[in-house]
Amino acid sequence: MAASSIANIVKTSLGPVGLDKMLVDDVGDVTITNDGATILKLLEVEHPAAKILVELADLQDQEVGDGTTSVVIIAAELLKNADELVKCKIHPTSIISGYRLACKEACKYIQEHLTIGIDDLGRECIVNAAKTSLSSKVIGSDSEFFSNMVVDAAMAIKMTDGKGGHRYPIKAVNILKAHGRSTRESILVNGYALNCTVASQAMVKHVNNAKIAFLDFSLQKAKMKLGIQILVEDPEKLEGIRARETDITKERVQKILATGANVVLTTGGIDDLCLKYFVEAGAMAVRRCKKTDLKRIAKATGGQLVLTLANLEGEETFEASLLGEAEQVVQERICDDELLLIKGTKARSAASIILRGANDFMVDEMERSVHDALCVVRRVLESKSVVPGGGAVEAALSIYLENLATSLSSREQLAIAEFARSLLVIPKQLAVNAAKDSIDLVAKLRAYHNTSQTKPEHKELKWVGLDLHEGSIRDSKRAGVFEPAISKVKSLKFATEAAITILRIDDMIKLAPEQKQGGKSYQDALNAGEL
């Protein structure tokens with residue numbers, strides 16, 4: 001029951017015509033989204049079985065990045081159908097082994113019959129996969145524009161993994177949000193964009209062949225720690241203490257600049273005294289940067305984040321090997337904000353996407369959508385295979401597993417047949433969300449897939465999926481509706497595992513908190529004659 005109610009919440013947000021949810025938390029913050037994982041993360045779920053589904057969506061989000069809604073719906077449907085079988089006196093163990101077998105066969109069938117290598121289809125295919133992911137989001141109408149932007153960003157951060165393959169670290173794409181203007185005025189910037197500006201207007205705004213120092217401490221006048229008392233008899237010594245305080249910071253700044261650093265990024269503050277030294281040296285200093293940003297830039301430029309200047313001997317040193325390198329660091333005015341762009345990083349390439357939108361809700365949802373699309377592109381590029389979308393995979397698997405079930409003579413037959421039926425929930429729900437006749441469309445879809453599997457001459461029909469805008473059936477491969485193959489395989493595996501985890505539970509024992517019994521009062525004890 002709890003699993004079904006969780007699935008019912010996210011059901012209506014599935015597919016290109018899915019609806020959004022508005023979530024208001026206890027403080028009154030509003031989130032508008034149709035990303036399954038985000039919706040479930042913001043729900044405060046008490047029920048232990050429902051919590052498993054919430055974690056399941058989170059897992060799918062981390063592993064694949066897309067398909068979070070469908071994985072929850074499939075898992076809930078598997079449970080619902082398993083419940084029917086249990087009511088018919090079939091033991092959960094038989095159902096579990098049937099589900100495991102069905103999942104294994106389904107994954108094998110996807111790999112062998114439904115995958116398309118991206119080498120055959122080229123860049124167009126990757127853009128289409130991103131488009132499919134974006135079609136169900138708030139920026140679905142501009143999916144052409146954003147899908148190309150996302151693919152360019154993913155290509156910009158491509159790096160070899162040393163084994164002849166390529167890796168695409170999505171975290172190297174920095175997504176900045178700025179509200180105002182239209183969504184189509186979002187831009188992709190080559191380089192790492194930082195939402196900070198130089199600490200002083202007197203500094204240079206443009207540095208070529210930058211050597212960048214990353215500091216995780218403040219460059220401010222050294223102050224005495226609290227609780228330290230110094231008794232000074234000679235007033236001149238007091239002046240000496242003050243002078244030394246300023247000199248300590250001055251020496252630190254000079255040690256950093258002596259290594260050839262001409263850009264200094266720090267998470268702490270820089271006071272006016274230190275700014276003067278940087279301005280005189282012609283260096284660029286930026287204060288109050290985010291630590292996560294600094295870590296990423298350090299990785300991209302080959303530098304290191306320095307927590308303290310102290311070395312093992314207790315001296316303060318700063319070495320040139322800690323510096324990162326980039327071709328240029330410039331401060332540019334993009335939209336309404338001044339941004340710092342780090343271009344031509346030495347160790348790895350970086351890219352930044354600056355999103356524009358009407359208001360904060362819109363821009364936040366755009367960020368989630370772009371992140372999902374980036375994850376999809378990365379999965380497609382790393383696994384080099386896609387499957388047709390629009391419910392084609394689920395319909396094909398459903399027919400295949402039903403035929404497989406009839407060929408078995410054991411008890412698992414019933415469980416596999418139920419597994420096959422459960423998969424149809426995806427095309428059904430897609431049709432329902434599009435306000436189309438789901439029974440009619442799913443029946444047609446199944447007929448096409450049955451023909452493709454039974455008659456070799458109609459093999460091409462296995463790419464057939466739903467067209468939700470027209471309310472008809474179409475060839476998903478020709479229409480360019482693709483999803484990463486790994487997304488489908490993982491979501492089947494995760495959904496089956498989650499369903500099995502809940503199926504194995506037969507009793508829930510809840511420990512009630514102990515009742516603290518208040519002792520008798522002195523008066524009660526006296527009256528009872530116990531003293």
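User: A nonpolar core is a set of buried Ala, Val, Leu, Ile, Met, Phe, Trp, Tyr and Cys residues joined through side-chain atoms within 4.5 Å. Which residues touch the most other members of the largest one?

Analyst: Y99, L401 and F419 do, in a core of 69 residues. Buried means under 20% relative accessible area, exposed means over 50%, and partly exposed is in between (1.4 Å probe, protein chains only). This is a predicted model, where local features need pLDDT of at least 70 and side-chain atom pairs count only at pLDDT 80 or more, while totals for chains, interfaces and linings use all residues. Residues are numbered from 1 along each chain as its sequence is written, and side-chain values use heavy atoms, with hydrogens and water left out.

User: What does F419 contact, leaving aside its neighbours within four places in sequence?

Analyst: F419 meets L78, Y99, A102, C103, L401, L492 and T496. Contact here means heavy atoms within 4.5 Å. There is also a second, separate core of 45 residues, with L194, V207, L309 and A326 among its members.

User: Where does L101 sit?

Analyst: L101 is in helix 5, residues 92-114. Helices (H or I, at least four residues) and strands (E, at least two) are DSSP runs, numbered from the N terminus. L101 is partly exposed, at 28% relative accessible area. Not counting residues up to four places away in sequence, L101 touches L408 and I416.

User: OK, sheets now. Is strand 15 largely enclosed or left open?

Analyst: Largely enclosed by the rest of the structure, because seven of the seven residues of strand 15 (351-357) are buried. A351, I353, L355 and G357 point one way, and S352, I354 and R356 point the other way.

User: How does strand 6 run against strand 15?

Analyst: Strand 6 (173-179) runs parallel to strand 15, joined by seven bridges. Two strands pair if DSSP finds at least two bridges between them. K177 has L355 of strand 15 as its bridge partner.

User: And strand 7, parallel or antiparallel to strand 15?

Analyst: Antiparallel, with four bridges joining strand 7 (187-190) to strand 15. L188 stands opposite I353 there.

User: What about strand 13, which strands pair with that one?

Analyst: Strand 9 pairs with strand 13 (324-334) in the antiparallel sense over six bridges. K211 has E325 in strand 13 as its partner. Strand 14 (337-345) also pairs with strand 13 in the antiparallel sense, over eight bridges. There, A326 partners T345.

User: What is the strand order in the open sheet of three strands?

Analyst: The order is 3-16-19, with antiparallel pairing. Strand 3 (116-117) and strand 19 (482-484) stand at the edges, each with a single partner strand, so one side of each has no neighbour in the sheet. Strand 3 meets strand 16 (385-388) over two bridges. G117 is opposite S385 in that pairing.

User: Switching to charges. How many salt bridges are there?

Analyst: A salt bridge is a side-chain nitrogen of Lys or Arg within 4 Å of a carboxyl oxygen of Asp or Glu. By this rule the count is 23.

User: Which residue does E144 pair with?

Analyst: K131, with the closest N and O atoms 2.8 Å apart. E144 is in helix 8 (143-156) and K131 is in helix 7 (123-135), so the pair ties together parts 13 residues apart in sequence.

User: What about R184?

Analyst: R184 forms a salt bridge with D142, at 2.9 Å between the closest N and O atoms. R184 lies in the loop between strand 6 and strand 7, and D142 in the loop between helix 7 and helix 8, so the pair ties together parts 42 residues apart in sequence. R184 is partly exposed at 47% relative accessible area, whereas D142 is buried at 12%.

User: Which residue does K291 meet?

Analyst: D216, in a salt bridge of 2.9 Å, N to O. K291 is in helix 11, and D216 is in the loop between strand 9 and helix 9, 75 residues apart. Also, K177, D364 and E367 are linked in a network of salt bridges.

User: Last one. What is phi of R288 near?

Analyst: Phi of R288 is near 55 degrees, a positive value in a residue other than glycine. R288 lies in the loop between strand 11 (284-286) and helix 11 (291-301), and counts as exposed at 54% relative accessibility. A435 has phi near 60 degrees, also a positive value in a residue other than glycine. A435 is in the loop between helix 15 (425-433) and helix 16 (438-454), and is exposed at 71%.
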